[in-house]
Amino acid sequence: MLSSTKVKKFGAKVDIDGTLNAEGLDSEKSLLDDSDIARFEGNLSFSSEDKSNGNAERELRSSISHGSESLRREGHVTFEVLSASVTKEGLSKHVVYTVLITRTPGMNSDDVLIKKRYSDFEKLHLALRKAYVTQMDEVSFPKKLIAGNFTQETIAIRSRAFEQYLSHVHSMETIRQSLTFKEFFYQDNLRDGYKYMRNGDYKRSVVNLENALLLQERLLGPSHKEVIPTCSALTVCYNLMEQHEMALSFAENLLERIDNHSNKYKMPVIKLMIRLCWRLGKDKLDLENKLSDLRQQGFEADGPTLHEMAVKTKIP
């Protein structure tokens, strides 16, 4: 969270390999002024071309690796700009910032990265200022320059400013839960994931849903209510792809997340897990006992399947 709009200016020194190092000076300037540079520790990598494909690079499958202990620990979220690449498109060019999202303690076995341009950050900022006038009143944002947008000094200050900016807005629950905030990170992945699932393109659905799941877990927490439908949809996709081991792994992980007596997903998840265990030749007695207990507790035995629930999920 930003505690002040003041930052320390430093003298920039560029090594031969293009890595910018910082040497601190004492003068204080406003974060809104791009002629001044936020002090930072460590190295920021610069390159003249973005060679990665897509808007994010992240390891998949992490959603099935979290134990019950990590699900209980919500943790603290940090944002770090790892690199900034100047990319050309025809006669124009722009800077792509690669941001690492970390939640501590735990949950960082896989890197969760997003790639965003200055215009993406600006669009988010303008939308949040319009919707949340009071909350955003003291949130600083780096100005666009008429010239000098591609100097290493400008990129350095923006990198540090974007880290602080994301930390600040994420710290406010109202904004963190807003559709505008989610649009910046993963909402398109959710829309595409469910669209492909409904159209029977499960491979594309899985890619989008797993991207969304990783970001949801980092930004909202592994046990957040919005994580459950995404994990459920992934379970369905893997089952329909006949990747039954993966489907069972996701289902087991899903069951940990909904371990209470009122969740509508519990009965259909257990019923699917019983079928998956039967297909894989695994013991299903414990699951059958759980199913019997749920029926005695009044859970609807003939309710919708997990597939039916996933298909009917509405994504704004």
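The legends below describe close-up views of helix packing and aromatic pairs in a predicted model.

**View 1. Packing of helix α7 against helix α9.** Helix α7 spans residues 187–198 and helix α9 residues 227–240. Their axes lie 11 Å apart, at an angle of about 30°. The crossing of the two helices is left-handed. On the α7 side the contact is formed by Leu190, Tyr194 and Met197, and on the α9 side by Pro229, Thr230, Ala233 and Cys237.

**View 2. Packing of helix α11 against helix α12.** Helix α11 covers residues 266–280, and helix α12 covers residues 285–296. The two axes cross at roughly 155° and come within 9 Å. Angles over 145 degrees count as roughly antiparallel, and α11 and α12 are therefore roughly antiparallel to each other. The crossing of α11 with α12 is left-handed. From α11, the contact draws on Lys266, Met267, Ile270, Lys271, Met273, Ile274 and Cys277. From α12, Leu287, Glu288, Lys290, Leu291, Leu294 and Arg295 take part. By class, the contact of α11 with α12 comprises eight nonpolar and five charged residues, and no polar ones.

**View 3. The aromatic pair Phe79 and Phe185.** Twelve aromatic pairs are present in the structure. In this one, the ring centres of Phe79 and Phe185 are 6.2 Å apart and the ring planes stand at 35°, so the pair is tilted. Phe79 belongs to strand β4 (residues 76–89) and Phe185 to helix α6 (residues 179–185), so the pair ties together parts 106 residues apart in sequence. Phe79 has a relative accessibility of 5% and counts as buried. Phe185, at 6%, also counts as buried.

**View 4. The aromatic pair Phe141 and Tyr165.** The rings of Phe141 and Tyr165 have centres 5.3 Å apart and planes at 75°, so the pair is edge-to-face. Phe141 sits in the loop between α3 (133–136) and α4 (152–170), whereas Tyr165 is in helix α4 itself. The pair therefore ties together parts that are 24 residues apart in sequence. Phe141 is buried, with 7% relative accessible area. Tyr165 counts as buried at 0% relative accessibility.

**View 5. A cluster of aromatic rings.** Ring pairs join Phe79, Tyr97, Tyr118, Phe121, Phe141, Phe162, Tyr165, Phe181, Phe184 and Phe185 into a cluster.

Technical notes
Residues are numbered from 1 along each chain as its sequence is written. This is a predicted model: local features need pLDDT of at least 70, side-chain atom pairs count only at pLDDT 80 or more; totals for chains, interfaces and linings use all residues. Side-chain values use heavy atoms; hydrogens and water are left out. Axes are lines fitted to C-alpha atoms, for helices over the stretch in contact, and angles run from 0 to 180 degrees between N-to-C directions. Helices (H or I, at least four residues) and strands (E, at least two) are DSSP runs, numbered from the N terminus. A crossing is left-handed if the near helix is turned anticlockwise from the far one by less than a right angle, and right-handed if clockwise. Contact means heavy atoms within 4.5 Å. Angles under 35 degrees count as roughly parallel, over 145 as roughly antiparallel, 65 to 115 as roughly perpendicular and the rest as oblique. Ala, Val, Leu, Ile, Met, Phe, Trp, Tyr, Cys and Pro count as nonpolar, Asp, Glu, Lys and Arg as charged, and the others, Gly among them, as polar. Rings of Phe, Tyr and Trp (its six-membered ring) pair if their centres lie within 6.5 Å; planes under 30 degrees apart count as stacked, over 60 as edge-to-face and the rest as tilted. Buried means under 20% relative accessible area, exposed over 50%, partly exposed in between (1.4 Å probe, protein chains only).
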